[in-house]
Amino acid sequence: MLGNGFAWGQSSHLFAFLYRILDVQPLDVHCRMTHSEITGADVSFSATVRCEDEMVMSVSGTSLLPGNAHSDPPVPKEVRIDVFGTDGSLHYGGNDREANSGKLEFKDKEGNVEVLHDEFHFENLENQGDGPESLREFVRLCDGEEGMEVGANVTDGLRSIQTINAMYQSHASSQV
């Protein structure tokens, strides 16, 4: 089924994060996916995203980890983002069930490491309380409050949607 599965369900958040920190325009995408025999939904992908300024993103994801998020014990999402540039590299990763499983760090071209945030926060999985932070910020914004945390703006969201749509089109056509 074209356009239904892991890429839409999970990867939009990662692309929004990447576009937020990199502020580049995607130009074209080449992607391959695997699909569930039962539902037809995509369950894993590998994509190359060419962007302006000679930047290329290599992105992959899968929902094929053994177990599931609702088992006992639950299986976490494993996330790893590495961004390499001429001045150094940025690294962020861990599993979504343990904040101490990762961190955000910058490595400069001399090899020095600066820890920018000493925990990994990907998704609020608490079943108690007022919901995830993103929802609470949205409600505060709708209520007219100011000073909201903007995790990703409308441009980041648009670029994410354009990228994922292009991934599905590339896979379906076997072209860029």
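Me: Which residues in H1 are buried?

Reply: In H1, the buried residues are Phe-6, Ala-7, Ser-11, Ser-12, Phe-15, Ala-16, Leu-18 and Tyr-19. Buried means under 20% relative accessible area, exposed means over 50%, and partly exposed lies in between, with a 1.4 Å probe and protein chains only. This is a predicted model, in which local features need pLDDT of at least 70 and side-chain atom pairs count only at pLDDT 80 or more, while totals for chains, interfaces and linings use all residues. Residues are numbered from 1 along each chain as its sequence is written, and side-chain values use heavy atoms, with hydrogens and water left out.

Me: What covers the buried residues of H1?

Reply: The cover includes strands S1 (26–35), S2 (42–51), S3 (56–62) and S4 (78–85), together with helix H3 (154–173). Helices (H or I, at least four residues) and strands (E, at least two) are DSSP runs, numbered from the N terminus.

Me: Why is Glu-105 called buried?

Reply: Glu-105 has a relative accessible area of 12%, and the limit for buried is under 20%; therefore Glu-105 is buried. Glu-105 is found in strand S6 (residues 98–108). Not counting residues up to four places away in sequence, Glu-105 touches Ser-89, Leu-90, His-91, Val-113, Glu-114, Val-115 and Leu-116, where contact means heavy atoms within 4.5 Å.

Me: What makes the pair of Arg-159 and Asp-23 a salt bridge?

Reply: A salt bridge is a side-chain nitrogen of Lys or Arg within 4 Å of a carboxyl oxygen of Asp or Glu. The closest N and O atoms of Arg-159 and Asp-23 are 3.1 Å apart, so the pair forms a salt bridge. Arg-159 lies in helix H3 and Asp-23 in the loop between H1 and S1, 136 residues apart, and the pair links these distant parts of the chain.

Me: Are the two partners, Arg-159 and Asp-23, buried or exposed?

Reply: Arg-159 is buried, because its relative accessible area is 10%. Asp-23, at 54% relative accessibility, counts as exposed.

Me: Why does the pair of Asp-28 and Arg-50 tie together separate parts of the sequence?

Reply: The side chains of Asp-28 and Arg-50 meet in a salt bridge (2.6 Å, N to O). Asp-28 lies in strand S1 and Arg-50 in strand S2, so the pair joins parts that are 22 residues apart in sequence. Asp-28 is partly exposed at 24% relative accessible area, and Arg-50 is partly exposed at 41%.
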